[in-house]
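This report describes how parts of one protein model pack against each other. Please view the sequence and the structure before reading on.

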Amino acid sequence: MSLDERFNAAAEKVKTFTKRPTDAELLEIYALFKQASFGDNDTSKPGMLDMKGKAKWQAWSDKQGMAKDAAKEEYIALVEKLSAQYL
């Protein structure tokens, strides 16, 4: 299975979690997915009152400089680790 196929399978697996991961885990999943899919965050920072948007933006920005393939590998590993808890 190629890296992209494993990444897409992991993305589908996240959708099947029966329990909700913690907020920190969700932010890590989101940030790695965005970094793997789009690369570095070049969007403008959300407004002061958008707390959820700012947290997501910051989590993705913290991955700045990480290669897409490295982000995919980390994403796959994280989903596998969380699967034991949330499936």
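## Phe-7 and the aromatic rings

In this predicted model, Phe-7 counts as buried, at 5% relative accessibility (buried means under 20% relative accessible area, exposed over 50%, and partly exposed in between, with a 1.4 Å probe and protein chains only). Phe-33 has a relative accessible area of 30% and is partly exposed, whereas Tyr-75, at 3%, counts as buried.

Five aromatic pairs are found in a search of the whole structure. Rings of Phe, Tyr and Trp (its six-membered ring) pair if their centres lie within 6.5 Å; planes under 30 degrees apart count as stacked, over 60 as edge-to-face and the rest as tilted. One of the pairs joins Phe-7 and Phe-33, which are stacked at 5.5 Å centre to centre with 20° between the planes. Because Phe-7 belongs to helix α1 (residues 3-14) and Phe-33 to helix α2, this pair ties together parts 26 residues apart in sequence. Helices (H or I, at least four residues) and strands (E, at least two) are DSSP runs, numbered from the N terminus.

The rings of Phe-33 and Tyr-75 have centres 5.9 Å apart and planes at 55°, so that pair is tilted. Since Phe-33 lies in α2 and Tyr-75 in helix α4, the pair links parts that are 42 residues apart in sequence. Phe-7, Phe-33 and Tyr-75 form one aromatic cluster.

## Packing of α2 and α4

Helix α2 (residues 23-38) packs with helix α4 (residues 68-86) at an angle of about 150°, and their axes are 8 Å apart. That makes α2 roughly antiparallel to α4. Axes are lines fitted to C-alpha atoms, for helices over the stretch in contact, and angles run from 0 to 180 degrees between N-to-C directions; under 35 degrees counts as roughly parallel, over 145 as roughly antiparallel, 65 to 115 as roughly perpendicular and the rest as oblique.

Residues of α2 that meet α4 include Ile-29, Leu-32 and Phe-33, and those on the α4 side include Lys-72, Tyr-75 and Leu-78 (contact means heavy atoms within 4.5 Å).

## Lys-72

Lys-72 lies in helix α4 and counts as buried at 12% relative accessibility. Not counting residues up to four places away in sequence, Lys-72 touches Leu-3, Asp-4, Phe-7 and Ala-36.

## Basis of the values

Residues are numbered from 1 along each chain as its sequence is written, and side-chain values use heavy atoms, leaving out hydrogens and water. In this predicted model, local features need pLDDT of at least 70 and side-chain atom pairs count only at pLDDT 80 or more, while totals for chains, interfaces and linings use all residues.
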